[in-house]
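Subject: Structure handover and notes

Hello,

Here is the structure I said I would pass on. My notes on helix packing and a few loop residues follow it.

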Amino acid sequence: MVKIALFDAKPYDKEFFEIANSQYLFDIHYFEEGLNLETCLLARGFDAVCVFVNDPVTAAIVDSLCKAGVKLIALRSTGYNHVDLKAASGKITVVRVPEYSPHAVAEFAVGMMLSLNRKIHHAYARVRDNNFSIAGLMGFDMYRKTAGVIGAGRIGKAVIEILKGFGMKVIAYDVLPEQVEMADCPFADLDTLYRESDIITLHCPLTPANTHMINSASIAKMKKGVMIINTGRGSLVNSLDLVQALKTGKVKAAGLDVYEEEAEYVYKDLSLTILDDDTLARLLSFPNVLITSHQAFFTQEALTAIASITLENVKDFFEGNPCNNEVSSVD
Ligand code: NAI
């Protein structure tokens with residue numbers, strides 16, 4: 001029986017993997033610890049490890065897993081920027097879940113836009129405090145405003161569809177312009193998108209080429225008062241530059257489901273500890289910044305699909321079937 005070590009296991013992971021596994025009957029061990037150089041020793045005797053977005057699979061970890069006899073790294077995520085694919089190449093197979101619910105992430109991104117625009121998070125807190133004043137809570141009609149979508153893949157296309165439904169003018173940029181064409185949306189180069197958008201939302205993968213693409217230079221090209229939403233990956237945005245732009249009002253609101261140093265924080269209850277990341281602390285101090293803990297994916301439909309596609313990937317690999325969900329260093 002295939003033995004799987006599932007790292008960074010939360011109660012909800014166990015719940016959904018146990019349901020999916022009733023069809024596969026793999027021997028899954030759930031480790032609360034994330035995967036790191038120490039914990040990868042736990043993988044000895046397992047055939048596969050299963051990891052999430054904040055378990056960095058470095059070259060040293062790849063070597064350690066290979067020595068432990070692990071044959072497969074099953075990512076239960078779409079993004080694979082946390083894996084050193086060059087190091088894995090020829091040594092260990094890496095599979096991912098290319099699509100589980102683009103709608104989960106798209107709907108969350110739009111939810112952030114609505115909350116930030118209409119200040120619903122402030123309204124909620126005010127009314128609970130018997131403060132029924134609406135002063136300061138004014139937003140703008142999204143109808144007929146321009147949304148710029150960066151990355152018109154599965155999630156970007158779902159966002160485009162929702163925002164068109166709002167009556168927004170939607171423009172999009174993708175390194176593959178045909179993706180934008182398939183979304184039936186006008187293509188805009190990045191400079192045009194920055195110049196024309198009232199709301200900019202990021203749905204591209206993180207690559208070495210686009211790390212910190214949202215920085216002081218790109219922000220300078222944007223409209224004054226732009227809203228930026230990032231549910232992609234934290235390092236798409238230079239957080240320090242964003243802080244500066246929020247201070248001057250150039251950026252009027254930011255919704256961040258991901259943050260470049262998030263691995264230290266996400267999915268942990270640190271409510272009684274001192275936050276030692278000054279940039280994150282500064283971002284949290286802005287009333288017009290909404291930060292969530294990498295939860296855009298978090299719906300029942302997404303967790304169901306993540307568990308079943310991950311286990312199907314494991315089955316395909318160990319039965320020697322072709323697996324479309326393998327990722328390699330040329331991807
Ligand atoms: P996808 O692979 O379907 O689409 C990505 C699109 O981005 C493709 O059309 C690709 O051509 C384009 N692209 C690549 N590099 C680009 C660049 N430098 N500039 C503009 N476009 C570029 O991926 P999908 O499913 O739409 O996911 C997008 C990203 O969203 C993932 O890579 C992941 O980082 C993030 N994500 C975040 C989640 C969350 O919970 N916050 C959950 C799932 C994904």
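Two residues are taken to be in contact when they have heavy atoms within 4.5 Å of each other. The model is a predicted one, and the values below are computed from it.

Helix 1 and helix 12

With that cut-off, Tyr12, Phe16, Phe17, Ala20 and Asn21 of helix 1 are in contact with Gln300, Leu303, Thr304, Ile306, Ala307, Ser308, Thr310 and Leu311 of helix 12. Sorted by class, the residues of this contact are 8 nonpolar and 5 polar, with no charged residue.

The two elements cover residues 11-21 for helix 1 and residues 300-318 for helix 12. Their axes are 9 Å apart and the packing angle is about 55 degrees. That angle makes helix 1 oblique to helix 12. The crossing of helix 1 past helix 12 is right-handed.

The buried residues of helix 12 are Ala302, Leu303, Ala305, Ile306, Ala307, Thr310, Leu311, Asn313, Val314 and Asp316.

Helix 4 and helix 6

Helix 4 spans residues 102-118 and helix 6 spans residues 154-165. Their axes come within 8 Å and cross at roughly 50 degrees. Helix 4 is therefore oblique to helix 6. This crossing of helix 4 and helix 6 is right-handed.

On the helix 4 side, the residues that meet helix 6 are Pro102, His103, Val105, Ala106, Glu107, Val110 and Met113. Their partners in helix 6 are Arg154, Ile155, Ala158, Val159, Ile162 and Leu163. The contact of helix 4 with helix 6 is made up of 10 nonpolar residues, 1 polar residue and 2 charged residues.

Is helix 4 mostly covered or mostly uncovered? Of its 17 residues, 12 are buried, and helix 4 is mostly covered. The buried residues of helix 4 are Pro102, Ala104, Val105, Ala106, Phe108, Ala109, Val110, Met112, Met113, Ser115, Leu116 and Asn117.

The span of helix 4 also agrees with its residue count: 17 residues at 1.5 Å a residue should give 24 Å, and the end C-alpha atoms are 24 Å apart. Lys119 follows helix 4 and has a positive phi, near 55 degrees.

Helix 10 and helix 11

Helix 10 (residues 239-248) and helix 11 (residues 278-285) have axes that come within 10 Å and cross at roughly 30 degrees. Angles under 35 degrees count as roughly parallel. Helix 10 and helix 11 are therefore roughly parallel to each other. Helix 10 passes helix 11 with a left-handed crossing.

Ser239, Leu240, Leu242, Val243, Leu246 and Lys247 of helix 10 meet Thr279, Arg282 and Leu283 of helix 11. By class, the contact of helix 10 with helix 11 has 5 nonpolar, 2 polar and 2 charged residues.

Loop residues

Leu25 is in the loop between helix 1 and strand 2, which covers 27-30. Its phi is near 60 degrees, a positive value in a residue other than glycine. Is Leu25 buried or exposed? With a relative accessibility of 59%, Leu25 counts as exposed, because the cut-off for exposed is over 50%.

Asn130 sits in the loop between helix 5 (120-128) and strand 6 (146-150). Phi of Asn130 is positive, near 60 degrees, and Asn130 is a residue other than glycine. Asn130 counts as exposed at 62% relative accessibility.

Tyr143 lies in the loop between helix 5 and strand 6. Its relative accessible area is 47%, so Tyr143 is partly exposed. Which residues does Tyr143 touch once its neighbours within four places in sequence are left aside? Tyr143 is in contact with Phe166 and Gly167. The C-alpha atom of Tyr143 is also 8.0 Å from that of Lys169, a residue 26 places away along the chain.

Regards

Methods:
Residues numbered from 1 in each chain as written. Predicted model: local features only at pLDDT ≥ 70, side-chain atom pairs only at ≥ 80, totals over all residues. Heavy atoms only, no water. Axes fitted to C-alpha atoms, helices over the stretch in contact; angles between N-to-C directions. Helix = DSSP H or I, 4+ residues; strand = E, 2+ residues; numbered from the N terminus. Parallel < 35°, antiparallel > 145°, perpendicular 65-115°, else oblique. Left-handed = near helix turned anticlockwise from the far one by under 90°. Nonpolar A, V, L, I, M, F, W, Y, C, P; charged D, E, K, R; others polar. Buried < 20%, exposed > 50% of the residue type's maximum accessible area, 1.4 Å probe, protein only. Expected span 1.5 Å × (residues − 1).
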